[in-house]
Amino acid sequence: MPSFSWRVWSALVFVMLPQAADAEETSLLDGWHEIWLFRFVLNLLGYSTIIVPGYLLISYFRRTNYLERGSGVCYPVVKACVFGSEDKTSLLDSASASSRTDGDSGSSFKQAVKLIFCAAGLQASYLTWGVLQERVMTRSYGATTPEEGEERFTDSQFLVFMNRILALTVAGVWCLMFKQPRHGAPMYKYSFASLSNIMSSWCQYEALKFISFPTQVLAKASKVIPVMLMGKIVSQKSYEYWEYFTALLISVGVSMFLLSSSEDKHPSTVTTFSGIIILVGYIVFDSFTSNWQDNLFKYKMSSVQMMFGVNMFSCLFTVGSLLEQGAFFDSLAFMMRHSEFAFHAVLLSVCSACGQLFIFYTINQFGAAVFTIIMTLRQAFAILLSCFLYGHAVTIVGGLGIAVVFLALFLRVYARSRMKSSRRPAGATQKV
């Protein structure tokens, strides 16, 4: 009986005071939003509202043989998005190889200047990006009036959208300014890499709420292991013994760092179980992205065209999800309240877009080995810079673990370059 009376009283309160019910519902929803898994699922549901109709349309066009019977204004669009030219070729690879050869034939001084330019551009872009990433996700922004308290920005998906919209713009302008190969891949195939890319970026931002930036950098370095596993699953690749050995060294070094990390007084330096799970998600999504993009490069396309296609779908997915959740305008309002955050978010996007262009240019001019060395050094500098700016404590065992990881990475680069140099003369002899 008392239970029944309590229910009746609650119902009367909710009927007579609807604002109380709304407040309780809002409070409950805000509580759910604090859980990262809830936000993750909510994002996936938002993406599914675009993916499911797209999948049904593609299935319909393929099932009805639209390519043979289609016509009209929409025909070129449907053909490009669903069918493409289905022309896989290696002409682009040979063209990029010849451009590298032409670059190598220049003077040593010009090559040295180019190398310094590439290294400086990559270091400046990604070191600044790393510092800003940690600043945005782990620090509060001051209020505009003394009566208001400080606020912390929490919507990782909005930052992903900001990065992607600027990268899309840069890639589009680049494609218009410089001649690109005739595009052959069906556009919808970019959506797979796009979805995994935005989820890996979301995990990257979200993880900083639970773990330190040095831990995140080491986790990125250790993604060699899942990339190898994903390569065997997706692309049926085979690996040399030294690749397994260096992968083992990396896992040992990361384990040394994680096990030696003691809880610091600052909450952002504490490694939590949620942070580890999110990092695993980042590594899995990122590993799939790189392997899927490798498969897409079998079509005739440039790296900037890849950048444009992936970022186009990324913008579509993220803006759709943000609008459905009502978070897009909330994030814009946060930017209006805090000009410092607006500056950081824009600069973060600029560094991300410029960094991608520097990646393409460096690989085109000097190859993947030189690029890997530069980015490995960047990761080491990023850890040192983060510890200096944000006061992360690293023990002696943790420092040794970091050293083991980067030693393994340099061994991988050295072994790969030795293998390529040993194969080159054999190939030349065979050709003669």
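The buried residues of helix H5 (residues 75-83) are covered by elements that include helix H3 (36-63) and helix H4 (66-69), where helices are DSSP runs of H or I with at least four residues, numbered from the N terminus. The model is predicted, so local features need pLDDT of at least 70 and side-chain atom pairs count only at pLDDT 80 or more, whereas totals for chains, interfaces and linings use all residues. Residues are numbered from 1 along each chain as its sequence is written, and side-chain values use heavy atoms, with hydrogens and water left out.

In H5, the buried residues are Val-78, Val-82 and Phe-83; buried denotes under 20% relative accessible area, exposed over 50%, and partly exposed the range in between, computed with a 1.4 Å probe on protein chains only. Viewed down the axis of H5, these buried residues lie within an arc of 75° and so line one face of the helix, the arc being that of the directions from the helix axis to the C-beta atoms. Pro-76 and Val-77, on the other side of H5, are exposed.

Helix H9 (residues 190-207) and helix H14 (residues 303-325) have axes that come within 8 Å and cross at roughly 65°. The axes are lines fitted to C-alpha atoms, for helices over the stretch in contact, and angles run from 0 to 180 degrees between N-to-C directions. The crossing of H9 and H14 is right-handed; a crossing has this hand if the near helix is turned clockwise from the far one by less than a right angle, and is left-handed if anticlockwise. Contact (heavy atoms within 4.5 Å) involves, among others, Tyr-190, Leu-195 and Ile-198 in H9 and Met-306, Phe-313 and Phe-317 in H14. The residues of this contact divide into eight nonpolar, seven polar and no charged. Here Ala, Val, Leu, Ile, Met, Phe, Trp, Tyr, Cys and Pro count as nonpolar, Asp, Glu, Lys and Arg as charged, and the others, Gly among them, as polar.

Val-217 is located in helix H10 (residues 213-221) and counts as buried at 2% relative accessibility. Apart from neighbours within four places in sequence, Val-217 contacts Gln-379 and Ile-383. The C-alpha atoms of Val-217 and Ile-383 are separated by 7.1 Å, although the two residues are 166 residues apart along the chain.

Four salt bridges are found in a search of the whole structure, each defined as a side-chain nitrogen of Lys or Arg within 4 Å of a carboxyl oxygen of Asp or Glu. One of them joins Arg-135 and Glu-340 at 3.6 Å, N to O. This pair links distant parts of the chain, with Arg-135 in helix H7 (residues 108-138) and Glu-340 in helix H16 (residues 339-366), 205 residues apart. Arg-135 is buried at 15% relative accessible area, while Glu-340 is partly exposed at 40%.

Another salt bridge is formed by Glu-151 and Arg-337 (3.0 Å, N to O). Glu-151 lies in the loop between H7 and helix H8 (156-177) and Arg-337 in helix H15 (residues 328-337), so the pair ties together parts that are 186 residues apart in sequence. Glu-151 is partly exposed at 26% relative accessibility, as is Arg-337 at 33%.

Lys-209 and Glu-206 also meet in a salt bridge (3.1 Å, N to O). Salt bridges with shared partners join Arg-39, Glu-206 and Lys-209 into one network. Within it, Glu-206 is buried, with a relative accessible area of 0%, and Lys-209 is partly exposed at 27%.

Technical notes
Helices (H or I, at least four residues) and strands (E, at least two) are DSSP runs, numbered from the N terminus.
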